Amino acid sequence: MPVRRRHFLGQGLVLVLAGFCRRAWAQALRFRSLARPVVIPIGSLATPWQAFPFMADGVTLPSAATPNQPIRISGMVVRTSAGNEPEKFAAVCLKCPHESCDVDFIQDPSKLPQDVKDEIGRSIARSVYICPCHNSTFMAEDGERLAGPAPRGLYRFRVTKVSEAAVEIGEVEEDVLIFI
Ligand code: FES
């Protein structure tokens, strides 16, 4: 088999495996209900990669250092594609899992600093989040870590319902209620 073709097939296999691992990771996450769902007018998320910030209320878990306490969590939801199913929206916690700075939403990833692009090592066509403190960078579509010192991806919320009028965010990753 020619070397170029082997290289192309190898890259394809890596991308398929990366997609599989991301899906497996997302399925392994555990979620808890928020104190009350966050309701966002669907008109605020009309077009792909439109983003909308929100605040969510939860309660820390009994196993947290300060158990059973009300907690406010800042988040951002983006529409990742057309359609009104929950999987067409992605919501993440804005606290960086490295040292808790608030990350920024970057709609156009070509605006990332060159050293971050170099660390990512492949072209990114979709919106991202970047942390202003130490440049950890994350995919907007699922919070996956792309670069920087963060030990994991962004904590996630779950969009639990979408209607003609609103997007409802009803759950948050359990670890947020322990560690943040
Ligand atoms: S606090 Fe975000 S990268 Fe360090």
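Predicted model: local features only at pLDDT ≥ 70, side-chain atom pairs only at ≥ 80, totals over all residues.

Visitor: Why is Ala147 called buried?

Guide: A residue is buried if 20 or more other C-beta atoms lie within 10 Å of its own, exposed if 12 or fewer, and partly exposed in between, with C-beta atoms placed from the backbone. Ala147 has 22 such atoms within 10 Å, so it is buried.

Visitor: Which residues does Ala147 touch?

Guide: Leaving out residues up to four places away in sequence, Ala147 touches Val116, Glu119, Ile120, Asn135, Ser136 and Thr137. Touching means that the backbone-placed C-beta atoms of two residues lie within 7 Å.

Visitor: What makes residues 145-147 a strand?

Guide: Strands (E, at least two residues) and helices (H or I, at least four) are DSSP runs, numbered from the N terminus. Residues 145-147 form strand E8, where Ala147 sits.

Visitor: How do you know that E7 and E8 pair?

Guide: Two strands pair if DSSP finds at least two bridges between them. Strand E7 (residues 137-139) and E8 are joined by 2 bridges and run antiparallel, so they meet that cut-off. Phe138 stands opposite Arg145 in E8.

Visitor: What makes E8 an edge strand?

Guide: E8 pairs on one side only, as does strand E5 (104-106). The open sheet here has 4 strands in the order E5-E6-E7-E8, with antiparallel pairing.

Visitor: In what order do the 6 strands of the other open sheet run?

Guide: That order is E1-E10-E9-E4-E3-E2, and the pairing is antiparallel. Its edge strands are E1 (31-41) and E2 (51-59). E2 pairs with strand E3 (residues 70-79) over 9 bridges, and Phe52 has Val77 in E3 as its bridge partner.

Visitor: What makes a set of residues a nonpolar core?

Guide: The set must be buried Ala, Val, Leu, Ile, Met, Phe, Trp, Tyr and Cys residues joined through C-beta atoms within 7 Å. The largest has 37 residues, and Val77 and Ala91 have the most contacts inside it. Strand E4 (residues 89-93) gives the most to this core, with 5 residues. Among the residues that Ala91 touches are Val77, Phe157 and Ile169.

Methods. Residues numbered from 1 in each chain as written.
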